[in-house]
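Please open the structure in your viewer and keep a selection panel at hand.

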Amino acid sequence: MITTTASLATRTVFRIGYGALQLERLHDRRGQAVALLRRAVELGVDHVDTAQFYGFGFANDVIREALRPEDDVLVVTKVGADPDPGGRMPLRLAQRPEQLRASVEDNLRSLGVDRLAVVNLRRLDTGPGLRPEGDQVVDLDDQLAVMTALRDEGKIGAIGLSSVTLDVLRRALPAGIVCVQNAYSLVSRDDEDILQLCAAEGIAWVPFFPLGGAFPGLPKATDEPAVHAVAESLGVTPSQVGLAWLLHHAPNVLLIPGTADPAHLEANIAVGEITLDAGHLATLDGIQSRSNEVPIG
């Protein structure tokens, strides 16, 4: 069996958390959104990933309503982008130091807390999606300066990074990085060197798009015949196999799968009970890794 817990900041947490992005699908059914998050806690989830720009604040509002102090859930949020309801995309980059500080204040306000346990700086140096342009191209040192100042002020407990390269992570290590969120999956393993550095430094690796396929044309773990074969042999779903592979691949991996469906939530949590033997892992490790570098916008 794999180890079911791992370190995140100063905590030991269950390795399967919950990503709050999908809560916005329940925007018109707030009661269901709150109940879903309560169910996640009942199933053992003790870390939740969110951002003020998820559902234009809806996810944070639901978290504020659903989570209680006695739940002792570690809430991880992120800065580097802001909601842009009227824009071509629902997000605009917010990379400048003053914007990072404003985003921290927005998250504090919407979550109803005095301190954010962990805040990820989403740099957008790598992975599928937007890239900074113009005044949004900001030096890492300037960003870390404001993040560490916020930590010194007690508004942030710990600092993470998101969508970063190996060089950026190395430069940031002296600031005390507790987690890295990059796009990574069984079918897109370009960041293996970053994962290994995180493991060596005791930094949690929290992959987003953990099954690939974030945008049209990108590889999906659930399209792989080998994944289907392993799933059939174990009596589980291909998605569960893709998530289970991540847990088996490195002990510092934490998952934050998101869903708006209670049954899917339970299936995601059950991944922690799936054991992949040496044969399964050899089959899955043999799948070709393809790039997920498809910038948009």
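Select D72: does D72 count as buried, partly exposed or exposed? At 47% relative accessibility, D72 counts as partly exposed, where buried means under 20% relative accessible area, exposed over 50%, and partly exposed in between (1.4 Å probe, protein chains only).

The model is a predicted one: local features need pLDDT of at least 70, side-chain atom pairs count only at pLDDT 80 or more, and totals for chains, interfaces and linings use all residues. Residues are numbered from 1 along each chain as its sequence is written, and side-chain values use heavy atoms, with hydrogens and water left out.

**Two loop residues**

Remain at D72 and display its backbone. D72 sits in the loop between α2 (58–66) and β5 (74–79); helices (H or I, at least four residues) and strands (E, at least two) are DSSP runs, numbered from the N terminus. The phi of D72 is near 55 degrees, a positive value in a residue other than glycine. Most residues other than glycine have a negative phi.

Next, select L124, in the loop between β8 (116–122) and α4 (140–152). L124 is not a glycine, yet its phi is positive, at about 65 degrees. L124 counts as buried because its relative accessibility is 12%.

**The nonpolar cores**

Now select Y18, L23, L169, V180 and L284. These are the residues with the most contacts inside the largest nonpolar core, which has 82 residues. A nonpolar core is a set of buried Ala, Val, Leu, Ile, Met, Phe, Trp, Tyr and Cys residues joined through side-chain atoms within 4.5 Å.

Centre the view on V180. Not counting residues up to four places away in sequence, V180 touches L161, V164, L169, C198, I203, A204, W205 and V206; contact means heavy atoms within 4.5 Å.

**The whole chain**

Finally, zoom out and display the protein chain as a cartoon. The protein chain has 10 helices and 11 strands. Its C-alpha trace spans about 50 × 40 × 40 Å along its principal axes. Of its 297 residues, 54% count as buried. Among contacts in the protein chain with a separation of 6 or more, 76% are accounted for by residues 24 or more positions apart.

To end, colour the charged side chains: 26 are positive and 39 negative, and the centres of the two sets lie 3 Å apart. Lys and Arg count as positive and Asp and Glu as negative, while His and the chain ends are not counted; the place of a charge is taken as NZ of Lys, CZ of Arg, CG of Asp or CD of Glu.
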